[in-house]
Each structure stands twice: as structure tokens, then as C-alpha cells.
Amino acid sequence: MSFMRLAILASALLTSLVGAAQTQVQAQTTLRIGIAEDPDILDPSIGRTYVGRIVFSAFCDKLFDIDEKLNIVPQLALSYETSADGKEMTVKLRPGVKFHDGEPLDAEAAKFSLERHMTLPGSFRKSELASVDHVEVVDPLTIKLVLKTPYSPLIAQLTDRSGMMVSPKAAKEAGDKFGLHPVCAGPYKFVERVQQDRMVFEKFADYWNKDNIHIDRVVFLPIVDATVRLANLKSGGLDLIERVLATDIKDVRADSRLVLSTAPELGYLGLTVNIGNEKNKGPLSQSAKVRQALDLSIDREALNQVVFNGEFTPGNQWVSPTHPYYQKAFPVHGRDIAKAKALLKEAGVTTPVTVDYMIPKGAENEAVAQVVQSMAAEAGFDIKIRAVEFATTFKQAQAGEFQVFQINWSGRIDPDGNSYIFMRSKAPQNDGVYSNPEADKLMEDGRATSNVEERKAIYQKLTKILLEDLPIIYIYHRTLLIAHTKKLDGYRQMPDGLVRVVGLKFK
């Protein structure tokens with residue numbers, strides 16, 4: 001009897017354990033996010049894509065972050081203080097923070113990360129931190145950034161990839177392979193990446209803000225076709241998608257199972273012109289008048305209506321017309337085909353002017369390019385659209401293998417972040433190799449003062465030069481369109497377009 005009773009108890013216990021295990025497995029939650037492209041390398045020092053920033057936000061915290069109103073808020077750092085002369089910034093770090101490999105995020109680690117951004121070969125953060133002379137460790141949880149000159153956008157840079165901290169141990173061990181298995185200090189840690197298929201992250205048990213992490217796994221799925229992304233969201237195959245087509249807004253709002261989150265974007269869509277690269281030079285690179293003619297051939301409002309149902313904002317500067325730093329003295333002009341033709345004649349070019357026009361693959365990109373192609377044809381341009389895989393466009397752009405590169409920039413909270421890295425001579429993302437000493441000086445001057453009125457006066461002079469030279473032809477500013485299942489609770493859309501996973505939970 002004792003044996004039988006023991007056997008029954010053992011069986012009951014086993015059944016109970018199996019049931020508990022099954023319940024635990026069933027309780028595992030996964031957030032599936034559909035993204036518009038497969039990102040470039042997952043290394044915050046050398047990454048340069050918007051979609052990469054979306055992925056970074058799940059696993060790579062920054063020293064500071066922003067809120068909905070663009071206020072600077074603490075993240076891995078608790079506070080900062082700038083010296084009276086603007087040449088020192090002291091940053092207090094959050095205590096008890098660990099990297100995904102268990103290493104502590106202390107002042108030495110923060111110093112390492114910032115120096116890595118500043119010195120790593122191929123780092124796109126070099127220009128963002130170019131004013132930093134060196135970093136000092138003040139105490140175990142305090143660092144001091146000593147600047148060569150005052151640099152007003154510095155705190156804004158630390159809310160993005162320049163402020164992302166990486167594990168010194170992991171970075172040293174991995175060398176140039178760090179981006180294949182990145183180790184940061186964010187809410188989720190890297191599990192795997194299958195190119196063009198998925199990126200998987202799992203909840204980090206020792207995250208400093210772990211009480212606000214309610215989902216076990218996050219999986220990013222690159223799906224280039226926006227229609228397919230939306231179909232997967234509707235069918236339950238995805239929980240959230242970014243970059244909903246403007247033409248799908250009514251459809252999303254009509255579906256009671258979905259929620260649409262929107263915000264004005266900080267960035268722009270622009271046409272980067274190859275001006276200084278020896279490869280693929282042509283009439284556009286040889287004469288500002290030809291670039292001005294292309295600019296005048298485009299009806300921005302008509303393009304906005306045709307492609308985006310009027311949901312976006314036509315623009316002609318690196319910030320939108322609603323931005324405090326927008327230069328109202330230079331408003332968006334209308335289309336003027338007669339003037340465009342006259343400029344081409346003055347430039348002495350033979351028409352039609354053939355243009356190699358590179359775009360990333362995607363229905364919306366192609367639709368914009370086709371409208372520009374049709375409009376420009378009336379002025380005397382023969383635009384040859386070349387659709388290329390997203391990550392490859394950046395390689396070709398850096399190599400100068402284009403005449404026009406149509407590309408979105410997601411934007412930064414400081415106007416310097418939308419201009420300097422693209423138009424300063426020899427800046428890392430100056431793919432068109434534009435160079436103008438007067439513009440360079442004005443960009444440096446804009447960085448050196450924190451006085452808003454002084455900066456506006458500087459940027460007014462800069463705007464005049466850039467609208468004459470047109471190294472980038474600005475077309476519009478997007479409205480951020482993120483859709484998610486109603487079952488997902490706690491989502492807030494920020495103006496930088498990133499998807500923040502902290503605080504999210506399933507109902």
C-alpha cells in the first residue's frame with residue numbers, strides 16, 4: 001500500500017510539474033516587429049541606417065534619451081553638467097548597470113565606448129564627437145568630456161548612437177566582428193541574426209529597468225513590401241509594423257483590431273547629388289544651374305498628393321517648415337518648368353540630361369522616383385531609375401557609384417544632426433563629396449554657440465548657400481506611421497521614429 005501510494009503521489013507530482021512547465025512555456029511572450037529593410041551592421045559605431053537604429057533601441061541603451069516633446073531624459077546616465085565656457089561636460093552614470101555579458105557599466109567602460117566611437121576605423125560617430133578632445137574618468141561613476149571647442153549639439157548626440165555603450169570586454173574580444181554578436185546594456189540581449197530573415201533578442205534578466213520589461217522576446221523581421229507587412233499584421237503574423245504606407249492609413253484606422261500611432265518626423269527625404277566624386281560625374285556635378293533646374297522641375301505638393309494622399313509635408317531644407325530652425329526667408333518654391341529649361345540652356349548642357357538615379361528597393365521609394373522622373377522629363381532630364389537592395393545603396397553611395405541618391409534621413413533633435421555629417425567637407429556621410437569652405441565655417445560656427453538666435457542667424461546664411469549649391473535637393477518630411485495590434489499596450493511614438501520596447505505588454 002505504501003508503495004502504491006508513493007507511486008500515485010510521484011505520478012501526481014510529475015503531472016503537476018509537466019503542467020507547470022507547459023504553462024511556463026505557454027506564458028513565454030514574443031513581440032514580432034516588421035521592419036522595412038534588413039539593417040546594416042549592428043555595431044553602434046559603424047551603423048548608419050534608420051532601420052538599424054530601430055533595432056538598436058531594443059538592446060543598446062544610450063547615456064540619454066528623449067521624450068515626446070524632445071526633452072533630454074536620463075537613461076544610462078543620471079545627469080550632466082556643462083562648464084561655463086562650454087568646453088567640459090561632466091556626466092554622472094547610473095549605478096548598478098550591467099552589460100549583457102555581466103560586466104559592469106562604470107566610468108572606465110563609458111570612456112572606452114566613447115573613445116571607440118571616436119577612433120574605430122570606419123566609425124560614423126567620429127564627426128558627431130569631433131569636438132571631443134578626450135574623456136576623463138573622474139570617479140567610478142563619473143566621466144568628463146573635455147572639448148576642443150564648445151559644441152552645443154553634444155548632448156543631442158548622446159541621445160543617439162554616439163551615446164550607446166558597448167561592453168569593453170566583448171568589443172576587445174570580437175574586434176571587427178563585434179557587430180555579428182553585439183553586447184550592450186539594453187533591455188534585450190542579442191540571440192541570433194539570419195540575414196534578410198530575422199533578428200532575435202531575449203529579455204536581459206539583469207537590466208537596470210527590468211521591472212518595466214514585460215515581454216520575453218523581441219523578433220525583428222525585415223519585410224520590404226509595405227503591403228505584405230500590413231497583411232501580416234492583420235493576419236496576426238506580426239504585432240507591430242513601421243512605415244505604414246500613407247495610402248493605407250484609412251485601411252488601418254478602419255480595422256478595429258489595429259492602432260495607428262503617428263508623429264511628425266525629424267528628418268527628410270532628399271536627393272543627394274554626386275558633386276565631387278570622380279565616378280559617375282555628369283552635368284549635375286558640373287553646374288549648380290543644372291541642379292537648380294532639377295529642383296525647379298519638381299512639384300513637391302503634387303508629389304505629396306499623388307504618392308502620400310497629402311499626408312506628408314513638402315520641404316526644401318534639412319528641417320521641416322514647422323521646425324524652430326526652419327529659415328522662413330527661403331520658403332518652398334513652386335514648380336517652374338520655363339525657368340528650369342532656361343537654366344539648362346545657360347549651363348550649356350545638351351538635353352535630355354541623362355541621370356543615374358539610385359533608390360533603395362521598395363514600393364514607396366519607387367513611386368516617388370517615378371513622379372520625379374515624369375516631372376523632370378518635362379524640363380529636359382532623362383532619369384534612369386536604378387533600384388538597389390537597401391544596404392547595398394549605402395556601399396555604392398560611399399563609393400560614389402551614383403549621380404543622384406534618393407534617400408530618407410530619419411532626423412536628429414538638433415539641426416546640426418541633419419546637416420553637418422552630410423555637407424561638411426570630408427564628413428563621413430557626405431556621399432556627394434560636396435565642399436564649400438564658407439559653408440564649412442558656418443556649420444562649425446553653428447556648433448560653437450548654444451544661443452538660439454545666434455544659431456538661427458548662422459543657419460540663415462548657411463541655407464542661402466546650400467539652396468544655391470544644392471548638394472542635396474530636399475523634397476518632403478514624412479509623418480511617422482506605426483501600426484500595431486490592439487493587444488499591445490503601452491506603445492508611445494517618439495519623433496525620432498524609433499520603436500521603444502520598454503513598458504510594452506500584451507493585454
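Mentor: Rings of Phe, Tyr and Trp (its six-membered ring) form a pair if their centres lie within 6.5 Å; planes under 30 degrees apart count as stacked, over 60 as edge-to-face and the rest as tilted. The model is predicted, and local features need pLDDT of at least 70, side-chain atom pairs count only at pLDDT 80 or more, while totals for chains, interfaces and linings use all residues. Residues are numbered from 1 along each chain as its sequence is written, and side-chain values use heavy atoms, leaving out hydrogens and water.

Trainee: At what angle do the ring planes of phenylalanine 201 and phenylalanine 220 stand?

Mentor: A pair of aromatic rings is described by the distance of the centres and the angle of the planes. The model holds 17 aromatic pairs. In this one the centres are 5.9 Å apart, and the pair is edge-to-face because the planes stand at 85°.

Trainee: In which strand is phenylalanine 220?

Mentor: The pair links distant parts of the chain, 19 residues apart. Both phenylalanine 201 and phenylalanine 220 are buried. Phenylalanine 201 is in strand 9 (residues 198–203), and phenylalanine 220 is in strand 10 (residues 217–222).

Trainee: How many residues apart in sequence are the parts tied together by tyrosine 268 and tyrosine 474?

Mentor: Their ring centres lie 4.8 Å apart with planes at 90°, so this pair is edge-to-face. Both tyrosine 268 and tyrosine 474 are buried. Tyrosine 268 is in strand 13 (residues 268–273) and tyrosine 474 in strand 18 (residues 472–477), so the separation in sequence is 206 residues.

Trainee: Which residues do ring pairs link into a cluster?

Mentor: Phenylalanine 220 is one of the members. Beyond four places in sequence, its contacts include Ile33, Ile35, Ile54 and Phe201. The cluster consists of Phe56, Phe59, Phe190, Phe201 and Phe220.

Trainee: Over the face of which residue does arginine 116 lie?

Mentor: A charge sits over a ring if NZ of Lys or CZ of Arg is within 6 Å of the ring centre and within 35 degrees of the ring normal. Arginine 447 lies over tyrosine 420, at 3.4 Å from the ring centre. Arginine 116, at 4.9 Å from the ring centre, lies over the face of phenylalanine 178.

Trainee: How far apart is the polar contact between the side chains of serine 45 and arginine 116?

Mentor: A polar contact is a pair of N or O atoms within 3.5 Å; within protein, one must be able to donate a hydrogen and the other to accept it, and residues adjacent in sequence count only if both atoms are side-chain atoms. Serine 45 lies in the loop between strand 1 (30–35) and helix 2. Serine 45 is buried, with a relative accessible area of 0%. The distance of its contact with arginine 116 is 3.2 Å.

Trainee: The backbone oxygen of which residue lies 2.9 Å from a polar atom of the asparagine 304 side chain?

Mentor: Asparagine 304 is in helix 10 (residues 300–308). Its relative accessible area is 3%, so asparagine 304 is buried. The backbone oxygen belongs to phenylalanine 312.

Note on methods:
Contact = heavy atoms within 4.5 Å. Helix = DSSP H or I, 4+ residues; strand = E, 2+ residues; numbered from the N terminus. Buried < 20%, exposed > 50% of the residue type's maximum accessible area, 1.4 Å probe, protein only.
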